[in-house]
Amino acid sequence: MMKGLLDFLTSNNPDAKLLRDTFVFKIVPMINPDGVIVGNYRCSLTGRDLNRNYKTSLKDSFPPIWHIKNMVKKLLEEREIVLYCDFHGHSRKQNVFMYGCDNKRNIARRLRERIFPMMMSKNAPCKFSYKGCKFKVQKSKEGTGRIVMWNLGIMNSFTMESTFCGSNLGKRNGFHFSPVDLEAMGYHICDTLLDYCDPDNTKYIQLLRELEQKFKEDILDRMKKKGTAASNMTTADINLEADYLSDIESSTGGSDSSVSDGLPMHLIYAPHSVQYNQNSKKKKLKSRKERNKRRAKAMKIKNVLLTDTQKPDMVNIIIGCLTW
């Protein structure tokens, strides 16, 4: 995705030139190259998870994060930042989607914070899933880049997650994403940025109304299920219902940038006979007495085998298994 973004922005495409003339792009292709070069996935060379420590002020412990945050703060003093976006991978969910933030105090802004992901779904309907997008500021995620940058004042602050699996949308349904598919998402970010900032805001207004209508329908549907009349609802009740819907909308698990509470995709879609039973009881730790008894039995077998000189090769193999 990052390669697709860089290739497009540096191309001779007229839209790419317009983007370069209109915006200042600050791009960090990878925040932990020192960790990746030794085989780490999310951590730095020192084994620190950079994606959970954007709130830090420890320059020596988290230098990439400190410099990124310092750069953003200086930039905010000079101009508005239209978009902040991390690019991540996701090991469980299908498609490409975004994690955003949710302003519960301001219903109008709450809807505007969803417009960019909605535009992405319109521009890449076979790859990007708006239904997969989640908007919530969880306490356990307060150290992530998207929440820290959102708290600094960047309304459009997202993590764009791309599946390790594939799509279940349109023509790409049932197929894995190829490198070309992922590179195309870098282009779609640029294309959506032009749509979002288009002086002709027709598309923006249309999507805002679409989101508002969907939000109202979801609230009314929940009220009907509860047997509550719309005429009896106060503003506080409506806000409470909206918060509930936001929590339902935002519930997720199993991300490489979130707490995992479910099976990976290859087990979810595996035959029932080989699926792991999540409700099965964990193996209980054995008591010291039981461990000593088992050790004594193993030593007895070992001593018997050592006296059997006719099978030296078998002795070595079994001893290896017993003492491993």
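Start with the contacts across the whole protein chain of this predicted model: among those between residues at least 6 apart in sequence, 69% join residues at least 24 apart. With the chain shown as a cartoon, 13 helices and four strands can be traced, and of its 324 residues 37% count as buried. If you switch to a surface view, the accessible surface comes to about 20,200 Å², of which carbon and sulfur atoms account for 54%.

Next, select Leu19, Met98, Phe116, Met120, Phe128, Met160 and Met185, which are the residues with the most contacts inside the largest nonpolar core, a set of 38 residues. At least two residues of this core come from each of helix H1 (2-9), helix H2 (14-22), strand E2 (96-100), helix H6 (115-123), strand E4 (157-163), helix H8 (179-196) and helix H9 (202-226). Another core, of twelve residues, lies apart from this one, and Leu50, Tyr54, Ile68 and Val148 are among its members.

Now follow H9 from end to end. Colour Tyr204, Leu207, Leu211, Phe215, Ile219 and Met223, which are buried in H9. An α-helix has 3.6 residues a turn, so residues three or four places apart point the same way. Just after H9, stop at Gly227, which takes a positive phi of about 75°.

The tour then turns to the largest pocket, with a volume of about 1,400 Å³. To find its centre, select Met2, Val28, Cys85, Asp86 and Phe87, the closest to that point of the 45 residues in the lining. H1, helix H4 (63-78), strand E1 (84-90), E4 and H8 each supply at least two lining residues, and the largest share, six residues, comes from E1.

Finally, go to Asn103, in the loop between E2 and helix H5 (107-112). Is Asn103 buried or exposed? Its relative accessibility is 15%, and because the cut-off for buried is under 20%, Asn103 counts as buried. Display the side chains around Asn103 to see its contacts beyond four places in sequence, where Asn103 touches Arg109, Arg110, Glu113 and Trp150.

Technical notes
Residues are numbered from 1 along each chain as its sequence is written. This is a predicted model: local features need pLDDT of at least 70, side-chain atom pairs count only at pLDDT 80 or more; totals for chains, interfaces and linings use all residues. Side-chain values use heavy atoms; hydrogens and water are left out. A nonpolar core is a set of buried Ala, Val, Leu, Ile, Met, Phe, Trp, Tyr and Cys residues joined through side-chain atoms within 4.5 Å. Buried means under 20% relative accessible area, exposed over 50%, partly exposed in between (1.4 Å probe, protein chains only). Contact means heavy atoms within 4.5 Å. Accessible areas come from the Shrake-Rupley method with a 1.4 Å probe; for residues, only the protein chains shown count as cover. On a 1 Å grid over the protein atoms alone, a cavity is a set of points where a 1.4 Å probe fits but cannot get out, and a pocket is an open set with protein on both sides within 12 Å along at least five of seven lines; lining residues have an atom within 4 Å of a point. Grid points are joined across faces, edges and corners, and a volume is the space filled by probe spheres set on the points.
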